[in-house]
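Here is a short note to read alongside the model. Please keep the structure open and go point by point.

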Amino acid sequence: MAHTKADVLIIGGGVIGISCAYYLSLQGVKATVIDKSEPGLGCSYGNAGWITPCFALPLPLPGMLIKSLKWLADPMSPLHIQPKPSLLLFRWMFRFLRSMNWKTAHRSIQALTEISKFSLSEYSRMSQEFGTDFGFSQKGLLLVGLTSEGVQAAAQEQELVGNYGIPGTRLDEAQVKELEPALTGPLTGGVYFPNEAHCEPLAFVRSLAQKAKENGVEIVSGAEVFDFEVGSRKIHSVRTTRGSFYADQFVLATGSWSNAIARTLKIRVPVLGGKGYALIVKPFDPKPQIPLMLIEKKIAVTPRKDSVRLAGTLELVNLDFSINPKRVDSIIAGSQLCMNVPKELEVLELWRGLRPCTPDGVPVIGYSSHFSNLILATGHQMLGLQSAPGTGKLVADLVTRVQPQFDPAPFCAERF
Ligand SMILES: Cc1cc2nc3c(=O)[nH]c(=O)nc-3n(C[C@H](O)[C@H](O)[C@H](O)COP(=O)(O)OP(=O)(O)OC[C@H]3O[C@@H](n4cnc5c(N)ncnc54)[C@H](O)[C@@H]3O)c2cc1C
């Protein structure tokens, strides 16, 4: 079965693919999104929901190496690398280590804060204009340290992002507990970023998809891409389980599946999965009121209407969705250190997702040098939600050849 030809065909209906469709529709482009499942059921389903420009430090930050090596030796730590050697893992690690320098880090922080700040203002606009409730709330973000090293790390983060216009305030233990009475354990202090926001990630994808459809975007679920029909330096169509789709331009927005799909096109997209877990738990008493990051344990706590979301861990894997009970337990144990989380915690839902991680910690957004009509929009690691509107806008600007909202250079698809 062949479908009507679109101006732009977007492969992947996560928060990134749907954002691309929405911004393309605003710029008058006829877009179709296809997804092997349903929009929003990949990594965009159950993430922590944070829209936090202060969270703009790339993974390969100088100084991370020693900390990472210590973490790798501890099964309850927030970081793990699946011990399955592969060419992808080897190449990824090599580029990761090469990116661990301050010149690259500053360039990345500038790019990530810029795209995140634009996105935050867009979330605020959309929450007022869409008429749907996707749980947008701007209560700030509190980074909390158990130890002075933890608070020091938060203060370093505050200083680095402060240079790019993101305000934060350092707090002592008493001030932290006054701001968030749900914090009960022995703490050293923290940093509060007042402008940060959060929302319900799946509800957002669905609201945006609805708005995109109203603007003329077609969304096709259950269409799994398994091959491409290509000519010289051009893609003609994609073959899916629901027939072939033709378009003038194609956007690859398939998150952690991007490396595998790109290989079908004989191109390399260095994206590894960074597995994380999120537990939706019954509210405990006192219930947190503002999003919290437990620094040492790297646990994200997000208040929800009738529950609390606890999220964390990063396991570098290649498309492995297995559940590691030790990692799940480490999130519960870490949360119990500083909040009144009961021993017999009632977990309403356990979810895991693969963050699409690039070696330098910056997403890939731009034209491929291999195919003149292919744009890559992937590799958003732990920032996909918070940078999705900016990504969609940049893709729409590139397609319509207008002056891009951001400098596209740091996101260039061919930088590796
Ligand atoms: C525990 C955890 C917490 C997180 N917290 C946050 C947070 O607070 N804030 C934040 O900004 N980010 C957070 N993230 C990261 C964020 O979830 C991701 O960066 C984001 O969801 C990536 O979006 P995406 O659209 O690129 O990928 P996805 O949402 O995974 O979408 C990719 C889509 O491609 C489709 N697809 C794959 N293969 C094919 C194929 N062959 N054919 C057709 N379709 C295909 C999939 O079905 C999927 O729907 C978190 C991640 C985790 C795991």
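1. Helices (H or I, at least four residues) and strands (E, at least two) are DSSP runs, numbered from the N terminus. This is a predicted model: local features need pLDDT of at least 70, side-chain atom pairs count only at pLDDT 80 or more, and totals for chains, interfaces and linings use all residues. Residues are numbered from 1 along each chain as its sequence is written.

2. Start with the ligand. A residue is near it if its C-beta atom, placed from the backbone, lies within 6 Å. The ligand is surrounded by 42 residues. The closest are Gly 14, Gly 42, Gly 255, Gly 276 and Gly 384. At least two residues of this shell come from each of α1 (15-26), β13 (272-281) and β17 (347-357).

3. What is the shell made of? It has 19 nonpolar, 19 polar and four charged residues. Ala, Val, Leu, Ile, Met, Phe, Trp, Tyr, Cys and Pro count as nonpolar, Asp, Glu, Lys and Arg as charged, and the others, Gly among them, as polar.

4. Now the domains. Their bounds come from an automatic or database domain assignment. It gives domain 1 (6-45 + 203-269 + 361-411) and domain 2 (55-100 + 137-196 + 271-357). The contact takes 17 residues from domain 1 and 15 residues from domain 2; two residues are in contact if their C-beta atoms, placed from the backbone, lie within 7 Å. On the domain 1 side, helix α8 (residues 258-264) gives the largest share, three residues. That side holds seven nonpolar, 10 polar and no charged residues.

5. Why does the ligand lie between the domains? Domain 1 and domain 2 both give residues to the shell around the ligand, so it lies between them.

6. Check the backbone too. Most residues other than glycine have a negative phi, and most peptide bonds are trans. Asp 285 and Pro 286 are joined by a cis peptide bond, with omega about -5°. Pro 286 sits in the loop between β13 and β14 (292-294).

7. Lys 298 is not a glycine, yet its phi is positive, about 50°. Leu 319 also has a positive phi, near 50°. Are these residues buried or exposed? A residue is buried if 20 or more other C-beta atoms, placed from the backbone, lie within 10 Å of its own, exposed if 12 or fewer, and partly exposed in between. Lys 298 has 20 such neighbours, so it counts as buried. Leu 319 has 12, so it counts as exposed.
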